[in-house]
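Open the model in your viewer and switch to a cartoon view.

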Amino acid sequence: MNEKDLLKSFLNGFPNSDHPFDRRRFAKYAISCIENNHELDVKALRDSGLTDERIEEYSIAFSWIRDAYDCLLSKNP
């Protein structure tokens with residue numbers, strides 16, 4: 001799946017949920033962004049009705065995922 005499809009899948013699920021399936025949808029989208037050197041599509045998150053607080057939580061999660069991804073790929077974490 002490409003990045004836009006992953007974003008759509010995440011947003012069409014339950015983005016306000018903390019259920020593992022929803023977290024996994026977000027993680028897949030975030031990893032795709034990282035692999036393509038893109039940032040989160042904050043406008044799409046906002047347009048979907050997510051609150052600024054929830055968007056901030058996803059921004060923090062994205063940062064952690066990016067750091068973990070970089071560490072996993074690095075030979076000298």
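This is a predicted model: local features need pLDDT of at least 70, side-chain atom pairs count only at pLDDT 80 or more; totals for chains, interfaces and linings use all residues.

**Stop 1: the whole chain**

Colour by secondary structure. The protein has four helices and zero strands. Along the sequence the pattern reads α-α-α-α. Its radius of gyration is 12 Å, close to the 11 Å from the globule rule for 77 residues, so the protein is as compact as a globular protein of that length. The C-alpha atoms fill a box of roughly 40 × 25 × 25 Å. Of the 77 residues, 30% are buried. Then turn to contacts with a separation of 6 or more: 61% of them join residues 24 or more positions apart.

**Stop 2: helix α4**

Select residues 52-73, which form α4. The helix has 22 residues. From first C-alpha to last, α4 reaches 31 Å, close to the 32 Å expected at 1.5 Å a residue. Show side chains for Arg54, Ile55, Tyr58, Phe62 and Ile65, the buried residues of α4. They cover an arc of only 90° around the axis, which puts them on the same side of α4.

**Stop 3: helix α1**

Select residues 3-12 for α1. Which of its residues are buried? They are Glu3, Leu6, Leu7, Phe10 and Leu11. Look down the axis of α1: its buried residues fall within an arc of 130°, so they line one face of the helix. These residues pack against α2, α3 and α4. The face turned away from the buried side carries the exposed residues Lys4, Lys8 and Asn12. Zoom in on the start of α1. There, a side-chain oxygen of Asn2 comes to within 3.0 Å of the backbone nitrogen of Lys4.

**Stop 4: the aromatic rings**

How many aromatic pairs does the structure hold? There are four. Start with Phe10 and Tyr58, an edge-to-face pair at 5.1 Å centre to centre, with 85° between the planes. Phe10 lies in α1 and Tyr58 in α4, so this pair ties together parts that are 48 residues apart in sequence. Is Phe10 buried or exposed? At 0% relative accessibility, Phe10 counts as buried. Tyr58, at 7% relative accessibility, counts as buried too, because the cut-off for buried is under 20%.

Phe26 and Tyr58 form a tilted pair, 4.5 Å centre to centre and 40° between the planes. Phe26 sits in α2 and Tyr58 in α4, so the pair links parts that are 32 residues apart in sequence. Phe26 is buried, as is Tyr58.

Phe10, Phe26, Tyr29 and Tyr58 make up one aromatic cluster. Tyr58 and Tyr29 are 29 residues apart in sequence and 11 Å apart in space, C-alpha to C-alpha.

**Stop 5: around Tyr58**

Finish on Tyr58, in helix α4. Which residues is Tyr58 in contact with, leaving aside its neighbours within four places in sequence? Select Phe10, Pro15, Ser17, Phe26, Leu40 and Leu50 to show them. Two of these names come from the previous stop: Phe10 and Phe26 both belong to the aromatic cluster with Tyr58.

Notes: Residues are numbered from 1 along each chain as its sequence is written. Side-chain values use heavy atoms; hydrogens and water are left out. Buried means under 20% relative accessible area, exposed over 50%, partly exposed in between (1.4 Å probe, protein chains only). Helices (H or I, at least four residues) and strands (E, at least two) are DSSP runs, numbered from the N terminus. The arc is that of the directions from the helix axis to the C-beta atoms. Contact means heavy atoms within 4.5 Å. A polar contact is a pair of N or O atoms within 3.5 Å; within protein, one must be able to donate a hydrogen and the other to accept it, and residues adjacent in sequence count only if both atoms are side-chain atoms. Rings of Phe, Tyr and Trp (its six-membered ring) pair if their centres lie within 6.5 Å; planes under 30 degrees apart count as stacked, over 60 as edge-to-face and the rest as tilted. The expected span of a helix is 1.5 Å times one less than its number of residues. The radius of gyration is taken over C-alpha atoms; the globule rule is 2.2 Å times the number of residues to the power 0.38.
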